[in-house]
Amino acid sequence: MNANTGLLQAELTQANALLRTVIDENPNIIFMKDWAGKFLIGNRALAALYGTTPENLVGKDDGAFNKNAEQVEFFLKNVQAIMSQSETQVVMEESTHAVTGDVTYFQSIKKPLTTKDGKKQILVIANDVSEIKRVQQRLEESERRLRYVLDATCEGIWDWDIKTGVVTHNQQWCHIAGLDDQYLQHPVEVFSTLLHEDDKACVMTRLQSCLSGGGRYQSEHRMRWRDDRVVWVLDRGDVVERDSDGCPVRMVGSFVDISERKAAELALTVRTELLDAIFELSPDGFVSFDEAHRVSYVSPAFTHMTGIEAARLHGLDEPCFTELLAQGCAAHGRLQGVDALRRSTTQNKPDERVLIELATPDKRILEVGLRASEASTVSQILYFRDVTHETEVDQMKSEFLSTAAHELRTPMASIFGFAEVLLTHELDPVSQHEFLDIIFKQSSLMSSILNELLDLSRIESRRGKDFVFEATHAQDLIALVVSGFKLPAGRSMPSLVMPNAPLYILADHSKAHQAILNVLSNAYKYSPAGGGVQIELVQAKDKSGLPRVGVRVTDTGIGMTPAQIERIFERFYRADTSGVILGTGLGMSIVKEIVELHGGEVDVVSQVGAGTSVTLWLPAS
Amino acid sequence: MTTVLIVDDRPVIRRLIAISLGQEFEIFEAQDGREALALIQTRRPRIVFLDVMMSGDLDGLQVLDIIKGDPLTRHILVAMVTGRGLASDGDDARRRGADAYFTKPFGPHDVLTWVRSALK
């Protein structure tokens, strides 16, 4: 061995060491395998992957370090395939870490080699691309997610290249617009042709504002598609790129069909207006409670009835509401709590109602009902109906019936009782005559009561509709009443004080006749001592200044106390209760009804022991 | 002779009750509550027929309360007479101590039957 050879040997050894260092320090995996897949050489990166040392790799195959048999088989087949073809290939492959199980992705350059003795070997330089691979996977996942979201929400998206004037859409956009996929890209001018003519100017203004830096673009507007269908859309977007001069370059956005929502909103608006009108106009009061059982709405009629302003009620819970309402109620007429009303309102009795009595601002009887609501925002609605008038009428009716029954039973008691006396007692002729006379008079009284009750009820139910008002000669009418009057025995005719010039009244002839006759009959009945009776015709003006004529009947009889005058028009009220003066107690009620239906009034002046003067004021014709 | 007071503002009803009772009773009549109370004090009747609805400041039920509220007059038999005739009226009168309740119309037989049984 010469020195030269020694020098060469030393240089070779040095070069080998350098190569080894380069191979070992390289972050890429570098190794060589023989045909059987056994490592001829392997660097530190590979040893680190397989959890061993470079020296320990030599002479072993992948199976010694990688538990993933599938990968091991792939590696062997792949390198053998490449070795048999003698062309360098780039292979994407993965390797599982023996200890951690982490998967590493490689882009491997595989170069087949052949030794001088013809043995096939392969050099593999594997570049770890795991990070790139993961970024790629995340990107794909992100794109997939966006697509899913857009598909799920039915959002159309648009991307406007402002310099070229081309707008790009997704399929969803075309779908909403009723267009096929050839419209995925189109000039921006097409967009404006799709806008509803009434909304175009407004949309353009908003877009322009966004382009010139006035903030995000958002618009709810109508679009008129090619098939003339009008849809409402919610369109949103923003400029995402501007050039160095600040001019917009790119604008993107999304839009969605909100036609259904708009239709629902419109229906809701119509319904709300309708309900508002009903609540405003209804004479019944309504108070609604929200899901927390607090007052959420108060109708104007409720405030009108109770005098409680809506603002004082809003947000009150049930006990506070009941308390506030109770402050205006009579002590005996309070609402016994909303919960009590709710409990009594069951499925079988959905219209259970209670009565409450207000003392302020006016005395009113209110009927209160509760309706539970199925709606999520309304728990229940209370409604209040003013039944003051009905209640009073009911009360008057039952009082009237009770009084009428009483008044009829009294003569009936006499008829029944004295008839039994006549049937069961041995009586002398004088007594017999006396009792028969009682029966006769009480029968006529009963008959009069029934007739007058019918008169009164007819007048009341017709409310004057059957009255025929005509110009009536007052003097003639009075003369007619007097001539038809059955003068009590031993009494003289009434004296008449009437002007010569004819006076005309606007009256129903027969009803006015009946009224004057009743008053005249009273004048004789209540002056049993036989004093004179006078009928006078007087003229005056009523409160509105219209001329009227008074028929004044004056007697010099027993007269009335102020307390008696007060009750004179009360049904069945009799100033005389001794039974000496027969009467029904209905005559003056009838007079009052008739005169008032003529638009007139009745004046009564009286003094006990001096007499009574009754004036029937009727409108002059 | 048993004393009976008939209180009614209608003479015809007083007359009917008086005739119904016949000759075996001593009868006094009053036409209102005040007059009735005065006669109860002076005549101490055994039986009183009392109209429920009377004119004047005292009605029949108020007079009944006074009679039944006074230990000296509590024992007096009181028959209320009325033209109303709702079942509840009779209940109310009995609760307040009335011994009988006559609803119009009624005949002499009813009156006499009650008086005789009440006096036994």
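**A sheet and a loop in chain A**

A:Gly237 stands opposite A:Gly253 of strand β11 in chain A, where strands are DSSP runs of E of at least two residues, helices are runs of H or I of at least four, and both are numbered from the N terminus. The model is predicted, so that local features need pLDDT of at least 70 and side-chain atom pairs count only at pLDDT 80 or more, while totals for chains, interfaces and linings use all residues. Residues are numbered from 1 along each chain as its sequence is written, chains are lettered from A and ligands numbered from 1 in the order in which they are written, and side-chain values use heavy atoms, with hydrogens and water left out.

In chain A, β10 (residues 230-242) and β11 (residues 248-257) pair in the antiparallel sense over 9 bridges, pairing being assigned if DSSP finds at least two bridges between two strands. An open sheet of 6 strands in chain A runs in the order β8-β7-β6-β11-β10-β9, with antiparallel pairing; its edge strands, β8 (185-187) and β9 (217-224), each pair on one side only. From one strand to the next, the twist averages 25 degrees. Helix α9 (residues 259-281) of chain A packs on this sheet and touches β9, β10 and β11, contact meaning heavy atoms within 4.5 Å. The direction of α9 makes about 125 degrees with that of β10, where axes are lines fitted to C-alpha atoms, for helices over the stretch in contact, and angles run from 0 to 180 degrees between N-to-C directions.

Elsewhere in chain A, A:Val608 is found in the loop between β22 (601-607) and β23 (611-619). A:Val608 and A:Gly557 are 51 residues apart in sequence and 8.4 Å apart in space, C-alpha to C-alpha.
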